[in-house]
Amino acid sequence: MQIPYELILGWRYTRAGRATRRNGFISFISGVSMLGIALGVAALIIVLSVMNGFQKEVRDRMLGVISHIEVFAPNGAALPDVQKTLAEIRQNPNVVGAASFIAAQALLARGEDMKGAIVRGIDPALEGQVTDLAVDLKDTALPKLVAGEFGVVLGSELARSLGVREGDQVTLIAPSGQVTPAGVVPRLKQMTVVGAFDSGHFEYDSALVMLHQDDAAKIFRLEGPTGIRIKLKDLHQAREVAAELSRSLSGDLLIRDWTRQNKTWFAAVQLEKRMMFIILTLIVAVAAFNLVSTLVMTVTDKRADIAILRTLGASPKSIMGIFMVQGAMVGVIGTFSGLLLGLGIALNIDVIVPALERLLNASFLPKDIYLISRMPSDPQYADIMPIAVIALVLAFLATIYPSWRASRVNPAEALRYE
């Protein structure tokens, strides 16, 4: 198969250029453009992979505490028929676990210290079906949550701020009080700390209190569970399954999936990711349009070659194709070099970052400040493909004007002083 001479000459111009001082400078500028594209593409891949990894890490830790879907009665009331609702939920093929619960807010006191708390009354036997946290605690703290003994499991930060350990007493203060002849008196209940958990998510470690749902029903004067927590086969189908349950469940019930529970946080991460993509794409654009100066200088240097090709019968279209091939080669080599570099770093960032921390004697992600203590990375095909396509398109666009200028060279003018 005969290879078009435009490709041969374009590739030859790409790798040549050190015979003279001028050609050597052109080759240097071409190499800088190629390096700029590679570094821009690599930076895009690394940054987006780290942001994906951070989002996945925080999401997984969040879903270790909360469930994929929650079904609850309006106004915090008890569900009218818990067993019927559980049976209807478990008929959905996407559901792998369901457990009833009581959700409320209260104050937790220890001496003069008092903290606001999110109270969750759970069924220890079923809680492991809906959260990973319960699976971790099933052999330690959860068996100690016995109905009637009023034991509580606290988040690690909440326990630390109150200065309590296992076996200590805390006072749970319910928001609605008792009406007495002396007025409204808050309902107080002495609780025993039977354990603590560390979910890795500060919001829950600093506020969540778990106790047996029967004890929670007595304290908050409820007739039964206020909701049901659901775990799915695929967490990404939460919205679709929630819509299905809204049509299939009987009664006046409210349904909320995990994406709506933390909607603001996820929206902020997505906005930040889009802005970083735009900003780093500008770096690739600057590097790609350096090709314009490279090709303009190449066209000026190769005017005699262009004139000779034209006198031998080359068409303006062929001349334009030669220099477009040269510019496209720089873009292709730079883009694929950036892909290899970016993926190499993104896939090994768990090794590279600790090595840099040891070398510099520094910690990039202090655990007491950030939600995570290691640099996560999650390269995704949906991010990598647009990056590669955009880099190649920008490099191709940068070649159009210089290549058009080359096709307009007049052979007689170019050869006049040769």
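Predicted model: local features only at pLDDT ≥ 70, side-chain atom pairs only at ≥ 80, totals over all residues.
**Stop 1: Ala-307.** Select Ala-307, which belongs to helix 11, residues 303–311. Is Ala-307 buried or exposed? Its relative accessibility is 1%, and a residue under 20% counts as buried, so Ala-307 is buried. Ala-307 and Ser-407 stand 100 residues apart in sequence, while their C-alpha atoms are 9.9 Å apart in space.

**Stop 2: helix 11 and helix 12.** Keep helix 11 in view and select helix 12, residues 316–347. Two packed helices are described by the angle between their axes and the distance between the axes. Here the angle is about 140° and the axes of helix 11 and helix 12 are 10 Å apart. The crossing of helix 11 with helix 12 is right-handed.

Which residues meet where these helices pack? On the helix 11 side, show Ile-306, Leu-309 and Arg-310. On the helix 12 side, show Pro-316, Ile-319, Ile-322 and Phe-323. Sorted by class, this contact between helix 11 and helix 12 has six nonpolar residues, one charged residue and no polar ones.

**Stop 3: charges over rings.** Select Phe-150 together with Lys-189. Lys-189 lies over the face of Phe-150, 4.2 Å from the ring centre. Next, select Phe-101 and Arg-229. The charged end of Arg-229 is placed over the ring of Phe-101, at 5.8 Å from the centre of that ring.

**Last stop: ring pairs.** How many aromatic pairs does a search of the whole structure find? The search finds one.

Technical notes:
Residues numbered from 1 in each chain as written. Heavy atoms only, no water. Helix = DSSP H or I, 4+ residues; strand = E, 2+ residues; numbered from the N terminus. Buried < 20%, exposed > 50% of the residue type's maximum accessible area, 1.4 Å probe, protein only. Axes fitted to C-alpha atoms, helices over the stretch in contact; angles between N-to-C directions. Left-handed = near helix turned anticlockwise from the far one by under 90°. Contact = heavy atoms within 4.5 Å. Nonpolar A, V, L, I, M, F, W, Y, C, P; charged D, E, K, R; others polar. Phe/Tyr/Trp six-rings, centres within 6.5 Å; stacked < 30°, edge-to-face > 60°. Lys NZ or Arg CZ within 6 Å of the ring centre and 35° of its normal.
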